[in-house]
Protein chains: 2
Amino acid sequence: MKLSKNRNPAVPGFKAAGLGCGIKSKNTKDLALIVSDVPATAAGIFTTNRVVSPGVTWSRRALKSGNCRAIVVNSGNANTVVGPKGMKDCDAITKKVAEELSIPQNQVLIASTGVIGVPLPSHKIIKAAPQLVKKLGRTSSNWTDAAEAIMTTDLVSKSDRVQYTFLGKSIVIGGITKGSGMIHPNMATMLGFLYTNAVIDSKTLKIALIEAADRSFNRITVDGDSSTNDCIIVLANGEAKNPTIKPNTSGYRKFVKALTAISKNLASKIVLDGEGATKFVTVRVQGGRTRKQAYLIANSVATSSLVKTALFGEDPNWGRIFCAVGNAGAPFDPDKVDILLNKNLLVKKGNPTNLSPKKLVKAMQQHEINITIDLHGGKEWEEVLTCDLSYDYVKINAEYTT
Amino acid sequence: MKLSKNRNPAVPGFKAAGLGCGIKSKNTKDLALIVSDVPATAAGIFTTNRVVSPGVTWSRRALKSGNCRAIVVNSGNANTVVGPKGMKDCDAITKKVAEELSIPQNQVLIASTGVIGVPLPSHKIIKAAPQLVKKLGRTSSNWTDAAEAIMTTDLVSKSDRVQYTFLGKSIVIGGITKGSGMIHPNMATMLGFLYTNAVIDSKTLKIALIEAADRSFNRITVDGDSSTNDCIIVLANGEAKNPTIKPNTSGYRKFVKALTAISKNLASKIVLDGEGATKFVTVRVQGGRTRKQAYLIANSVATSSLVKTALFGEDPNWGRIFCAVGNAGAPFDPDKVDILLNKNLLVKKGNPTNLSPKKLVKAMQQHEINITIDLHGGKEWEEVLTCDLSYDYVKINAEYTT
């Protein structure tokens with residue numbers, strides 16, 4: 001896929017800010033705020049990890065009303081496994097932010113990312129809250145501040161925007177996100193914030209978010225780990241004044257299509273910036289009997305350390321791909337399988353083709369690698385995006401806290 | 001655990017040989033043979049990968065009779081995903097070996113390990129078969145030849161022997177094995193050959209092998225991948241003349257204990273020689289409600305790239321361990337969990353202790369790392385052995401075929 005540069009993710013009726021409050025080293029942004037001008041319908045998807053940050057618990061609870069105005073996010077500290085102080089900090093921070101914005105506390109969501117097990121210096125956040133609110137604005141640079149403030153080992157900030165017309169109204173969806181290790185389906189160490197001016201109730205918004213995430217954020221993997229803090233939150237503030245988007249309508253399908261498009265762009269940006277990544281890899285399994293079968297096989301290939309190191313080394317060891325297909329725990333007929341890498345047929349009906357290793361090496365030298373596995377057993381497909389496994393992944397993760 | 005050096009794995013009534021037949025580069029051993037003097041009862045456990053080597057199919061079929069005399073093994077080529085030639089080669093090789101040994105062809109098992117998708121130069125094996133049979137012997141150096149001939153990226157050969165007395169008879173179990181990447185439960189790229197002089201029928205032998213493997217070979221992981229070729233085979237030739245070992249007897253329990261001991265030693269040797277390994281890591285989960293729960297959690301920690309890179313870097317980022325516990329997909333109560341690393345308490349009842357990072361770094365500098373996770377939810381336990389994830393793992397696997 002071709003990736004666009006970061007688009008200005010501003011959306012009518014939303015403001016943003018970002019600054020450094022001292023959690024990370026001096027002068028590095030680590031605190032972000034997104035605010036809707038009016039109460040917005042809201043939905044979220046959270047980590048499947050059974051150890052969760054108090055921030056996740058807080059936001060899950062706050063989302064039950066289906067309404068919210070603000071999201072406060074810090075990086076540099078996950079506020080996780082820190083004892084009862086964790087939840088007390090969530091309470092104190094959201095209370096302070098709500099006061100500064102003059103909104104109810106239960107309309108403030110919270111998210112954190114960074115090191116686990118170290119008490120959050122919440123006093124720094126509380127002290128910075130007035131200035132953070134003061135910095136709120138609608139310009140591209142306000143959103144860049146916010147996108148930068150949620151970064152951890154990310155090398156670049158990640159934002160995007162899509163726009164379409166629905167019954168004469170301009171619907172805009174914007175989003176910012178961060179990676180970049182511990183990325184895996186069902187919310188890796190990934191924070192994603194989407195916001196739109198569409199009119200849509202919170203239940204429909206939740207269904208749309210799940211549909212979009214299952215073709216994007218839930219289909220990326222860097223290292224197979226899901227963190228304790230991950231979330232994707234979407235706010236819809238209704239400023240577009242469109243007729244309410246209802247499930248099972250063409251308006252819903254248009255909205256999901258746009259939400260999926262921006263989600264996929266943002267998810268791809270996370271993979272492209274995966275820790276130590278030198279390759280952008282799409283593993284597509286088609287001809288599946290079910291989506292689950294296709295997903296299990298795509299995921300097995302995308303998470304195989306042996307496949308990922310071979311891609312890094314541009315080593316034409318395609319047998320590892322077939323091996324990972326067989327390892328997925330999903331039934332299939334090995335004698336029907338075709339495997340292609342950047343359009344080079346490696347395996348035809350379960351047997352090797354006579355493709356020269358030289359030609360394969362040349363194909364592997366490209367930055368974008370597309371592995372296609374056709375099971376010839378049905379019509380379902382799944383795609384999982386990943387990167388290679390390099391020396392730098394080891395380096396970054398061997399020295400994370402020290 | 002303390003690991004013994006390789007013991008001479010010779011067992012009465014068995015012969016071995018190993019030589020280089022030219023599959024690997026010149027002068028490197030790549031062909032091994034193990035032969036019992038008399039027909040032996042036999043059992044095997046094979047890879048769970050759905051793509052399997054024709055050698056696996058051949059040996060599974062041959063084991064159905066419950067009897068066998070010989071195992072021929074080549075390294076350097078997996079004889080996998082090579083089309084119909086793969087099974088023809090198995091037939092031709094076992095036929096030739098049977099002829100040279102003057103035994104029925106269906107008493108010859110076969111195993112291969114190495115690169116996938118490259119046709120096996122079976123003519124080299126067939127040409128070398130007479131010399132291989134001629135070299136068969138009972139000395140320590142014959143067994144060393146065999147143990148070396150099955151190596152791939154292994155740095156050292158791996159062999160062991162245990163002995164115990166049963167009703168006045170000396171029961172001996174010997175074994176050789178190889179790793180060293182693609183190691184994961186349910187038969188990674190692992191070949192293991194065990195042989196004993198015990199009298200035991202093939203059904204009982206199979207049950208004993210499964211019990212032993214579930215505490216050893218099926219509890220090690222290097223990189224989470226199971227290969228297409230893995231197998232553990234055990235032969236019992238009855239030369240000890242003991243009363244037949246029957247299920248659910250004290251004699252059976254003694255046999256399983258010894259078989260588990262040698263299997264665990266050999267499995268540990270594989271992990272110690274894991275590709276790029278600098279640490280020997282035991283992840284123990286205790287206080288589990290079920291063995292399955294304990295296993296899922298131990299395996300999640302042992303396969304986490306984030307935990308493994310932190311161990312390599314001696315980075316006191318213990319939050320990653322707790323995160324991997326939560327990631328296992330098994331239910332547990334996070335508020336009851338204790339986590340220890342080499343006896344240092346990191347987490348007590350789900351909360352961090354005030355252990356200094358300095359003290360933790362010191363503990364992590366040891367070569368042997370014992371991570372204990374107590375769920376305080378029952379009495380079941382599981383242990384998974386693994387190694388760290390280092391630069392050298394990436395290097396070895398990025399350049400495997402080239």
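This is a predicted model: local features need pLDDT of at least 70, side-chain atom pairs count only at pLDDT 80 or more; totals for chains, interfaces and linings use all residues.
I started with strand β15 of chain A, residues 380–387, and found it mostly covered, with six of its eight residues buried.

Next I looked up a partner for β15(A). Strand β10 of chain A, residues 280–288, pairs with β15(A) in the antiparallel sense, over seven bridges. I picked out one facing pair there: Arg284(A) stands opposite Glu383(A) in β15(A).

Then I moved to the helices of chain A. At what angle do α1(A) and α2(A) pack? I got about 50 degrees for helix α1 (residues 54–63) against helix α2 (residues 85–101), with the axes 8 Å apart. That angle makes α1(A) oblique to α2(A), and the crossing is right-handed.

I listed who touches whom. From α1(A) come Pro54(A), Gly55(A) and Trp58(A), and they meet Gly86(A), Met87(A), Cys90(A) and Thr94(A) of α2(A). Sorted by class, this contact has four nonpolar residues, three polar ones and no charged ones.

Last stop, chain B. Here I have helix α1 as residues 54–62 and helix α2 as residues 85–101, packing at about 55 degrees with their axes 8 Å apart. α1(B) and α2(B) are therefore oblique to each other, and α1(B) passes α2(B) in a right-handed crossing.

Which residues of α1(B) meet α2(B)? I wrote down Pro54(B), Gly55(B) and Trp58(B), which meet Gly86(B), Met87(B), Cys90(B) and Thr94(B) in α2(B). The class tally for α1(B) with α2(B) is four nonpolar, three polar and no charged residues.

Definitions and conventions:
Residues are numbered from 1 along each chain as its sequence is written. Chains are lettered from A and ligands numbered from 1 in the order in which they are written. A residue is buried if 20 or more other C-beta atoms lie within 10 Å of its own, exposed if 12 or fewer, and partly exposed in between; C-beta atoms are placed from the backbone. Helices (H or I, at least four residues) and strands (E, at least two) are DSSP runs, numbered from the N terminus. Two strands pair if DSSP finds at least two bridges between them. Axes are lines fitted to C-alpha atoms, for helices over the stretch in contact, and angles run from 0 to 180 degrees between N-to-C directions. Angles under 35 degrees count as roughly parallel, over 145 as roughly antiparallel, 65 to 115 as roughly perpendicular and the rest as oblique. A crossing is left-handed if the near helix is turned anticlockwise from the far one by less than a right angle, and right-handed if clockwise. Two residues are in contact if their C-beta atoms, placed from the backbone, lie within 7 Å. Ala, Val, Leu, Ile, Met, Phe, Trp, Tyr, Cys and Pro count as nonpolar, Asp, Glu, Lys and Arg as charged, and the others, Gly among them, as polar.
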